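This report covers a multi-chain model. The sequence and structure come first, and the notes follow.

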Amino acid sequence: MANTIDYRKMERAAAIRRGIGKTITYLLLTLWAVMVLFPFYWMILSSVKSYSAYNAEYVPKLYTWDPTFQNYLDAFTTVPLARYFLNTLIYTVSTTALMLVVTVLAAFAFARLNFKGKNGAFVLFLSLMMIPNELVIITNFVTITNLNMRNTFLGLILPSVASIFYIYLLKENFAQVPDELYYAAKVDNTKDLKYLRKVLIPICRPTLITITILKVIECWNSYVWPRLITDNQAYFLVSNGIQYIRERGFGRENIPAMMAAVVSISVPLIILFLIFHKKIMEGVARGGTKG
Amino acid sequence: MRILFDELTKVFTDKKRGKKESVVAVDHFSFEIPDGQLIGLLGPSGCGKSTALHLISGLHTPTSGRIYFGDEDMTDVPVEKREVGVVFQNYALYPHLSVLENIMFPLDNLEGNKRISPNEMRSRARAAAKLVQIDELESRRPKELSGGQQQRVAIARALVKQPRVLLLDEPLSNLDARLRLQTREEIRRIQKGTGVTTIFVTHDQEEAMSISDQIVVMQSGRVQQIGKPQWVYDFPANLFVAKFLGTPPINVFRGSIRGGRLFIGKDDVFAAPGLSDQEVWVGIRPEGFILDEQGPLRCTFQSLEMMGRDISVMAGHVALEGERLQALLEAGSGIPAGAAQVNFSLKPDKVHVFSRDTQVRLDWQKGGMGK
Amino acid sequence: MMERNNPKGWLYLLPAMLFLGVFMVYPLIDVFIYSFEQGFNFASQSYDGVGMRNYSFVLRDPYFLQAVKNTFILVIFTVPISTGLALLISVGLSSIKAVRHLYQTLYFLPYVTNTLAVGLVFMILFKKTPYTDGLANLIIGWFGAGPVDFIDGPYWAKMFVLCFYTVWVVMPFKILILTSALASVDEGYYKAAQVDGTRKIRVFTRITLPMISPTIFYLIITGFIGAFKAYSDAVALFGTDLNAAEMNTIVGYVYDMLYGSSGGYPSYASAAAIILFLIVLTITCINLLISKKHVHY
């Protein structure tokens with residue numbers, strides 16, 4: 001009899017302990033969620049406060065009853081924000097498109113074709129993966145300057161095209177496609193390029209999409225190279241635009257307008273993330289690192 | 001299309017830690033396949049039969065020797081120009097294309113004056129689909145099909161471009177037992193219908209025996225025997241062929257020829273005139289045993305299995321290679337319960353004698369049997 | 001099969017080789033050459049000698065020493081804190097069922113956002129201006145501490161914000177990798193441990209931790225490498241003139257030498273970049289040595 005009571009007590013204590021543990025876990029996780037989301041909330045909030053309202057708040061308020069879109073108008077009229085957007089779009093689309101062509105061709109050669117020196121070339125490619133960008137950016141800067149390609153799209157795009165990591169990722173994926181498919185195509189007199197176009201690319205589309213999205217994110221956020229290679233506002237990308245706005249934009253104090261600009265340049269990526277978050281997270285988990 | 005192999009040899013070299021290792025996959029392969037036949041390449045795994053098949057397709061290039069289609073030397077013609085149809089073991093269907101698109105794929109690659117309009121491609125693909133009876137599935141994707149259906153799509157795709165030769169690599173190995181039976185009849189029907197010279201590779205002797213016009217038995221890259229299935233079964237060229245063909249397998253004994261008589265162990269089995277005194281291997285097919293109390297072959301009885309039509313007797317013998325011999329007897333043959341010994345007499349045409357050294361089958365003048 | 005040599009392979013490889021050759025292999029060789037060319041003049045593309053002078057200049061440059069100090073402080077604080085915190089959060093995430101997926105996705109959001117843009121928000125949250133003390137100071141105020149200007153104020157305050165923002169930025173990647181690693185630990189181990197009545201904390205230290213130790217180690221290595229290359233985060237918080245803010249990093253120094261207020265010296269930039277590379281290489285090798293003893297593969 002005494003035993004059963006003991007067990008019941010123990011069980012209840014254990015349940016309480018579990019309950020407390022769970023609560024703490026949820027509390028902690030929610031706290032981090034707030035930490036992550038708060039800057040986003042804050043930029044949206046500030047972007048819809050009027051200039052005067054914002055500056056009147058010595059103690060910042062966490063809400064507003066009087067949202068305005070004037071800041072967005074200011075952001076797009078007083079600074080060529082639309083221009084920065086267009087530049088970034090041109091840069092992102094061209095770089096990504098070129099990267100895809102280069103990557104697909106190289107991955108196909110490594111995964112499928114047999115030629116002398118292939119293994120050596122692949123090892124060389126892999127070893128280049130370890131080279132930090134900081135080491136080569138200096139000469140690239142000099143090269144582009146000497147080619148008179150500063151403040152041009154070509155100068156922005158060319159050094160960002162080749163991505164060994166994506167070649168590697170795609171090569172692995174291509175290699176997973178059964179050999180027999182290639183042999184079957186060969187038996188039927190299919191040219192290599194047609195096999196690539198009609199068979200390999202459609203089969204590996206998920207990986208290609210992942211690579212594309214990762215590259216788009218990388219391009220949209222790139223800052224260092226564009227900063228080095230452009231000093232003419234007409235070629236600024238959004239990152240440089242933001243930095244420029246911060247230092248010289250709306251007068252240092254028009255923070256709501258700055259926040260409107262910040263929200264505007266963040267929105268495209270956040271939308272992309274909401275649509276493709278599964279693919280993006282899978283792609284990054286497979287070994288991507290930022291930048 | 002007649003196909004001729006002339007001393008075809010394929011050596012694979014593999015560099016491992018600087019050391020070159022060579023494997024002879026196909027060794028001086030010479031034979032001729034008459035036009036319009038269905039040929040089974042048969043052998044245990046690793047015997048080089050798939051390599052031989054892909055020497056024909058062109059996916060492998062021979063180390064030496066020539067290969068002819070008709071009178072045309074194909075040895076140096078690359079795979080894409082050989083106009084062969086191949087059905088791969090895993091079918092190799094394009095997963096992102098529908099059945100009809102899969103079948104049309106080879107037609108889209110035709111060049112020059114062979115090029116045909118999209119409409120004709122479609123109608124030819126449909127005709128091929130109809131031939132293999134999958135015309136109702138044409139808009140499905142491969143993964144929506146059963147194994148047997150995928151197999152038919154693969155055959156249709158191989159046939160649609162009207163190949164000179166049809167090659168099938170283990171065409172039935174991915175199917176379950178029931179489908180296998182049905183599909184092999186199907187392959188036979190399609191082959192006879194189109195008349196295309198067809199070569200298929202299999203490790204399953206029953207499969208090869210049942211549908212081939214001729215079988216080619218291979219081991220370690222060498223052709224052991226070529227011929228009509230029943231003939232190969234009845235007259236195996238050597239011990240390997242005898243052991244490889246037939247289920248249950250042939251029973252092998254150590255024997256000897258002494259004074260024109262065949263001995264198994266100490267048992268004087270029967271006269272074998274025309275053979276000189278020597279040590280031999282003796283192979284006896286399971287159906288070659290006759291229960292006979294006076295029979296010369298004296299075995300220790302082990303067990304008995306009723307198998308419906310037949311009775312299978314397991315027994316031991318001192319001269320036997322392996323654990324036990326298996327004899328298939330007609331149901332109703334009486335074995336006394338609890339017997340410790342069974343005696344057999346033998347059907348001479350089910351008994352094969354092989355040289356102990358060369359393992360080649362030795363012929364004697366049959367008919368001179370008797371005690 | 002298909003063992004025929006197909007030289008067309010090189011044709012497919014050609015575009016990639018061109019891009020990599022011009023923008024990676026050549027620069028890699030060139031950067032070493034630059035770093036030894038003394039007195040390089042950008043305008044005339046000439047130099048007056050070969051030697052170690054660029055290195056000795058960089059190593060004596062107070063801005064560089066400041067940058068090295070900043071970078072090391074950043075690395076020492078952010079790598080352990082972010083890895084530990086990410087581990088804590090990932091373990092928490094794996095222990096819950098409801099909203100787990102939502103939180104996982106949420107936590108990853110900072111990875112895709114523009115470092116510069118969000119950095120600006122952080123700057124505003126921490127900045128003290130005549131109009132407002134900023135939100136961070138408001139919260140500090142609840143605990144009775146006085147307002148501090150984190151952006152233009154004392155060194156430790158600026159360093160704190162930089163570390164704080166860096167941790168915020170690197171967390172998504174670490175959480176993602178750790179949660180995937182935790183999810184891949186075979187359920188069977190936990191079931192076995194449960195049957196044996198193992199206490200939870202013991203399960204964590206004896207099963208979970210050893211099982212994911214390669215991942216943790218991977219994160220520490222990439223964390224070190226990433227933190228040593230910090231730059232954009234600092235720019236986002238303190239503006240492009242990092243030397244003035246005493247907040248420059250080694251990478252920032254390289255870029256400033258190359259092009260910026262004090263720019264136009266690719267030789268100095270090269271020397272600094274190679275020093276950085278050597279530091280990262282050394283630390284990575286030390287990490288690898290340590291891991292041999294502690295990581296269970």
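## Basis

This is a predicted model, in which local features need pLDDT of at least 70 and side-chain atom pairs count only at pLDDT 80 or more, while totals for chains, interfaces and linings use all residues. Residues are numbered from 1 along each chain as its sequence is written, and chains are lettered from A and ligands numbered from 1 in the order in which they are written.

## Contact of chains A and C

Chain C contributes 75 residues to the contact and chain A contributes 74 residues; two residues are in contact if their C-beta atoms, placed from the backbone, lie within 7 Å. On the chain C side, helix α1 (residues 8–36) gives the most, with 17 residues. Helices (H or I, at least four residues) and strands (E, at least two) are DSSP runs, numbered from the N terminus.

The side of chain C that touches chain A has 54 nonpolar, 16 polar and five charged residues. Here Ala, Val, Leu, Ile, Met, Phe, Trp, Tyr, Cys and Pro count as nonpolar, Asp, Glu, Lys and Arg as charged, and the others, Gly among them, as polar.

## Domains of chain B

Chain B is assigned domain 1 (3–240) and domain 2 (248–362), with bounds from an automatic or database domain assignment. Their centres, taken over C-alpha atoms, are separated by 39 Å. Five residues of domain 1 of chain B contact seven residues of domain 2 of chain B; the domain 1 side divides into four nonpolar, one polar and no charged.

## Sheet of chain B

An open sheet of six strands in chain B has the order β6-β7-β8-β3-β9-β10, with mixed pairing; two strands pair if DSSP finds at least two bridges between them. β6 (84–87) and β10 (222–227) of chain B each have a single partner strand, so one side of each has no neighbour in the sheet. Strands β3 (residues 38–42) and β9 (residues 214–219) of chain B run parallel and are joined by four bridges; B:G40 has B:I215 as its bridge partner in β9(B).

## Backbone details

Most residues other than glycine have a negative phi, and most peptide bonds are trans. The peptide bond from B:T247 to B:P248 is cis, with omega near -15 degrees. B:P248 is in the loop between α8 (239–244) and β11 (251–258) of chain B.

Phi is positive at B:Q133, near 60 degrees, and at C:V99, near 50 degrees. C:V99 lies in the loop between α3 (62–95) and α4 (100–112) of chain C.
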